[in-house]
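Biologist: I would like to learn how to read a few features of a protein model, one at a time. Could you take me through them slowly?

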Amino acid sequence: VPLVLRHIAHMTLQFWHDAEAARHDKAALAEVARRVLFHSFTSTNEVRAARCVEIGILARDSGLHAEAVALFDRAAAADPADIPSRYEKAILLLHEGSHVECVQTLRQILAHHPHEDRTNILAARVLYALGAHHQASACLDAIRLDSVHDRQAWERQIRIVHDFGRYVAR
């Protein structure tokens, strides 16, 4: 492996190590997030190697919401079909009570991955809560049960979300 590539790999991995070390120090974690955001990545693989999404999760869980959104957006910009960056951003938006923005973010995933099970379940829950019952049901119907690992668990989850939808529709 050429020396330049080894240096880049080490540097991007260092971001993750620094973030892990700063997990309980909000100011230090914010500084790591800023370093990642201002770093000039040359490829999608480099962005993934820097673990932008994982650092974004640490930032989100530490209350650094602006930094977390910026990290998730950075990862999403590198790969338009990326699921984790958008899913974790949707979770942040949901926790902030930004339900409409949460659904918009989930729809970005579903535009590329219409049958993505976790995304469809979360979208259905939020859509039911927003009163968009037909859209929520469509999300549940899009889940392909023949491709999931534990079919019974997924059927149970879908039934629970459908029941929630019927409850909030009253």
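This is a predicted model: local features need pLDDT of at least 70, side-chain atom pairs count only at pLDDT 80 or more; totals for chains, interfaces and linings use all residues.

Biologist: Which residues of the largest nonpolar core touch the most other members?

Modeller: In soluble globular proteins, nonpolar side chains tend to be buried together. A nonpolar core is a set of buried Ala, Val, Leu, Ile, Met, Phe, Trp, Tyr and Cys residues joined through side-chain atoms within 4.5 Å; buried means under 20% relative accessible area, exposed over 50%, and partly exposed in between, with a 1.4 Å probe and protein chains only. Here the largest core has 49 residues, of which Val36, Leu106 and Leu140 touch the most other members. Its largest share, 7 residues, comes from helix α8 (residues 117–130), where helices are DSSP runs of H or I with at least four residues, numbered from the N terminus.

Biologist: What does Leu106 touch, not counting residues up to four places away in sequence?

Modeller: Contact means heavy atoms within 4.5 Å, and with such sequence neighbours left out, Leu106 touches Tyr87, Ala90, Thr119, Leu122 and Ala123.

Biologist: Is Asn120 buried or exposed?

Modeller: Asn120, which sits in helix α8, is buried, with a relative accessible area of 2%. Leaving out residues up to four places away in sequence, Asn120 touches Leu110, Pro114, His115, Cys139, Ala142 and Ile143.

Biologist: And how should I read Gln135?

Modeller: Gln135 belongs to helix α9 (residues 133–141) and is partly exposed, at 38% relative accessible area. Beyond residues up to four places away in sequence, Gln135 touches Arg107 and Leu127, whereas Glu31, 104 residues apart from Gln135 in sequence, is 40 Å apart in space, C-alpha to C-alpha.

Biologist: How many disulfides are there?

Modeller: A disulfide is a pair of cysteine sulfur atoms within 2.5 Å, and by this rule the count is 0. Cys102 is in no disulfide, and the nearest cysteine sulfur, that of Cys139, is 11 Å away.

Technical notes:
Residues are numbered from 1 along each chain as its sequence is written. Side-chain values use heavy atoms; hydrogens and water are left out. Helices (H or I, at least four residues) and strands (E, at least two) are DSSP runs, numbered from the N terminus.
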